[in-house]
Amino acid sequence: MSKSDPAKERNKTIRWVVTVFLVTIAVSGFISLISDEIMSGSGIVTAFAILLIIVLIGIVFDIVGVAVTSAHEKPFHSMAARKVPGAQDAIRLLRNAERVSSICCDVVGDICGVVSGSASATIAAQVLARIECGWPQAVTLLMSAMVAGLTVGGKAVGKTIAMASATSIVHGVGRILFGLRHIPELFRKKKNKR
């Protein structure tokens with residue numbers, strides 16, 4: 001191993017941390033802006049639906065993050081040899097498990113946590129605008145507690161599912177990535193047929 005390897009690794013890590021930091025700020029700001037805009041102009045039922053979708057996205061990404069760190073590469077090598085769609089993508093995910101898990105659990109999960117918190121505050125404000133309440137903090141506390149319960153409970157169930165079905169979850173994500181990579185080819189084929 002050369003003397004420059006530790007320095008290269010340190011630089012690589014610093015670049016990764018800075019990238020994650022900047023991406024998190026950009027994505028979190030974008031999602032917060034969109035959710036606030038949609039929720040401020042919608043009714044309570046729509047706002048609740050948006051809140052549940054945000055919580056669900058956080059849970060799904062947490063499941064993927066845990067599955068990637070739990071799955072083994074070996075089954076995907078035999079799938080890749082048989083040219084099963086998504087197997088190569090699954091192998092790439094597993095070889096970058098640390099970063100994939102960081103993006104899914106930390107970046108997306110934390111963004112969803114922050115956004116769902118602000119969404120619950122928006123819903124609480126909408127409820128208080130329509131219903132007179134002697135103790136308005138109770139509505140805010142109830143909303144925060146409900147969001148926390150849904151998030152933590154959902155992630156606890158999700159982790160169990162992720163550990164039990166890691167291979168199939170990683171393969172499913174691999175198939176999605178495979179499909180996304182081949183979308184341009186489908187458009188090219190359609191153009192050539194015309």
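Modeller: D89 is buried, because its relative accessible area is 5% (buried means under 20%, exposed over 50% and partly exposed in between, with a 1.4 Å probe and protein chains only). The model is a predicted one, in which local features need pLDDT of at least 70 and side-chain atom pairs count only at pLDDT 80 or more, while totals for chains, interfaces and linings use all residues. Residues are numbered from 1 along each chain as its sequence is written, and side-chain values use heavy atoms, with hydrogens and water left out.

D89 forms a salt bridge with R181, their closest N and O atoms lying 3.0 Å apart; the term denotes a side-chain nitrogen of Lys or Arg within 4 Å of a carboxyl oxygen of Asp or Glu. Since D89 belongs to helix α4 and R181 to helix α7 (residues 166-181), this pair ties together parts that are 92 residues apart in sequence. Helices here are DSSP runs (H or I, at least four residues), numbered from the N terminus. R181 counts as partly exposed, at 44% relative accessibility.

A salt bridge also joins D89 to R92, again with 3.0 Å between the closest N and O atoms. These two residues are 3 apart in helix α4, so about one helical turn separates them. R92 is partly exposed, with a relative accessibility of 42%. Taken together, D89, R92 and R181 are linked in a network of salt bridges. By the rule stated above, the count of salt bridges comes to 4.
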